[in-house]
Structures are given as C-alpha cells and as structure tokens.
Amino acid sequence: MAKYGYIGNNPDNTPVVIARQTYTATASQTSFTFTAGYTPGYIDVYLNGIKLLNVTDYTATSGNTVVLLSGAAASDSLEIVAY
C-alpha cells in the first residue's frame, strides 16, 4: 500500500479562506469597498477579467477599500479576490 506525504501543509489542513466580490462600475468610478475586508498584499483585482497590478493600476492599503488609479468605464466589471 502506497503512502503519500506532503512537503508543507496537507491540502486538507489549510487555514486559507478566499473571499470574492464582483462590482459593476459606474462611469469614472475609482473606489470600491470590499465588505469582507482584506489583508494588504493578499488580494487580486480584475477589471473585465484582466488582472490589475498593485501600485501600477490600483492601491489597496486600508483593508476594505480598493482604489483604481484610472476610473473605470460605466458597466465595467471589477472583481476582488482576497486570500
């Protein structure tokens, strides 16, 4: 009988929780409030399915608000994923 081991944490024993929220932007909207909260540095932000770069495209330092450096167009889809 084969035995399996893991380097690091067993995948069934992980404390990672993922929270996701999607928004439909209004014209020139730059600020989005993430109700679940996040730890700075542990989020991904997507605009119309394209991953944005922290500092280059947005700032996320408050733990609950993401601010785009350029305003979104009306009806753009913004998704925030926090780990």
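By buried I mean under 20% relative accessible area, with exposed being over 50% and partly exposed in between (1.4 Å probe, protein chains only).

Before going on, a word on what you are looking at. This is a predicted model, in which local features need pLDDT of at least 70 and side-chain atom pairs count only at pLDDT 80 or more, while totals for chains, interfaces and linings use all residues. Residues are numbered from 1 along each chain as its sequence is written, and side-chain values use heavy atoms, with hydrogens and water left out.

Back to Ala82, then. It sits in strand β7, residues 77-82; strands here are DSSP runs of E, at least two residues long, and helices are runs of H or I of at least four, numbered from the N terminus. Which residues does Ala82 touch, leaving aside those up to four places away in sequence? They are Val17, Ile18, Ala19, Phe34, Gly37, Tyr38, Tyr42 and Ile43, where contact means heavy atoms within 4.5 Å. Take Val17: it is 65 residues from Ala82 in sequence, yet the C-alpha to C-alpha distance is 8.1 Å.

Now let's zoom out. The protein has seven strands and zero helices. Of its 83 residues, 27% are buried. Among contacts between residues at least 6 apart in sequence, 68% join residues at least 24 apart.

How do the strands pair? On to β4, residues 50-51: two bridges join it to β3, and the two run antiparallel. Tyr46 has Lys51 in β4 as its bridge partner. Together β3 and β4 make a hairpin with two residues between them, and Asn48 in the turn has a positive phi of about 50°.

There is also an open sheet of three strands, in the order β2-β6-β5, with antiparallel pairing. Why do β2 (29-33) and β5 (58-59) count as edges? Each has a single partner strand, so one side of each is left without a neighbour in the sheet. Between β2 and β6 there are four bridges, again in the antiparallel sense, and Gln29 stands opposite Ala72 in β6.

Next, the core. A nonpolar core is a set of buried Ala, Val, Leu, Ile, Met, Phe, Trp, Tyr and Cys residues joined through side-chain atoms within 4.5 Å. The largest one has 16 residues, and Ile43, Val45, Tyr58, Val66, Leu78 and Ile80 have the most contacts inside it. At least two residues of this core come from each of β3 (43-47), β6 (65-72) and β7. The contacts of Val66 include Phe32, Ile43, Val45, Tyr58 and Ile80.

Tyr83 lies in the segment after β7 and counts as partly exposed, at 42% relative accessibility.

Conventions
Pairing = 2+ DSSP bridges.
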